[in-house]
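Subject: Structure for your files

Hello,

Here is the structure you asked for, with the sequence alongside. My notes on what was found in it follow below.

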Amino acid sequence: MMKQRNQAHIGTKIRTCKKCKDIIAENALYDYCPKCFKRIDEVFNKIKEYLAEYPGATSFEMEQELGIPYHVINNFVREGRLVEIPNDYIHIECKGCGCLLLSAHHKYCPSCRSKLEEEIEKAKNQFKKIKVADKARMHIRHKG
């Protein structure tokens, strides 16, 4: 009777993707199906590019700037793909609205920054209109 029970457990182990639960090969390198791994790798590459431009950025900062949820970034830390280092720049306030930034790389939160960029664009457009109008009124003054 013992032999029958042991034989019932002998067979192929089935692994499933951590994200979508599709069946993956037993000898697969990752715990994700190829589709999910591709999406995860794209997210990781966004983080990697951001960290290349802003080294030492915090998880919170990346969540604000990239729109990647904090828990996803922390999963990369748990997996060993990212290393968390102490950050001395905690508790920096946005110069626009005063919200907490947790970043030394930016002076404004994304919301205030986009408002500032819109205002700068409007100012540029107004300046261009003024320059064009001034050219039409210019003339050479002759002394004499």
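**Overall picture**

Of the 144 residues in the protein chain, 19% are buried, where buried means under 20% relative accessible area, exposed over 50% and partly exposed in between (1.4 Å probe, protein chains only). This is a predicted model, in which local features need pLDDT of at least 70 and side-chain atom pairs count only at pLDDT 80 or more, while totals for chains, interfaces and linings use all residues. Residues are numbered from 1 along each chain as its sequence is written, and side-chain values use heavy atoms, with hydrogens and water left out.

The protein chain has five helices and two strands, in the order α-β-β-α-α-α-α along the sequence. Helices (H or I, at least four residues) and strands (E, at least two) are DSSP runs, numbered from the N terminus.

Taking the contacts (heavy atoms within 4.5 Å) between residues at least 6 apart in sequence, 29% join residues at least 24 apart.

Helix 4 covers residues 70-79, and its buried residues are I73, N74 and F76. Seen down the helix axis, these fall within an arc of 150 degrees, so they line one face of helix 4; the arc is that of the directions from the helix axis to the C-beta atoms. The buried residues of helix 4 pack against helix 2 and helix 3. Just after helix 4 comes G80, with a positive phi of about 90 degrees.

T58 sits in the loop between helix 2 (34-53) and helix 3 (59-66). T58 counts as buried because its relative accessibility is 14%. From T58 to I73 the separation is 15 residues in sequence and 9.7 Å in space, C-alpha to C-alpha.

**Cysteines**

C33 is buried, at 8% relative accessible area, and C109 is buried at 6%. Searching the whole structure gives zero disulfides.

Regards

Methods
A disulfide is a pair of cysteine sulfur atoms within 2.5 Å.
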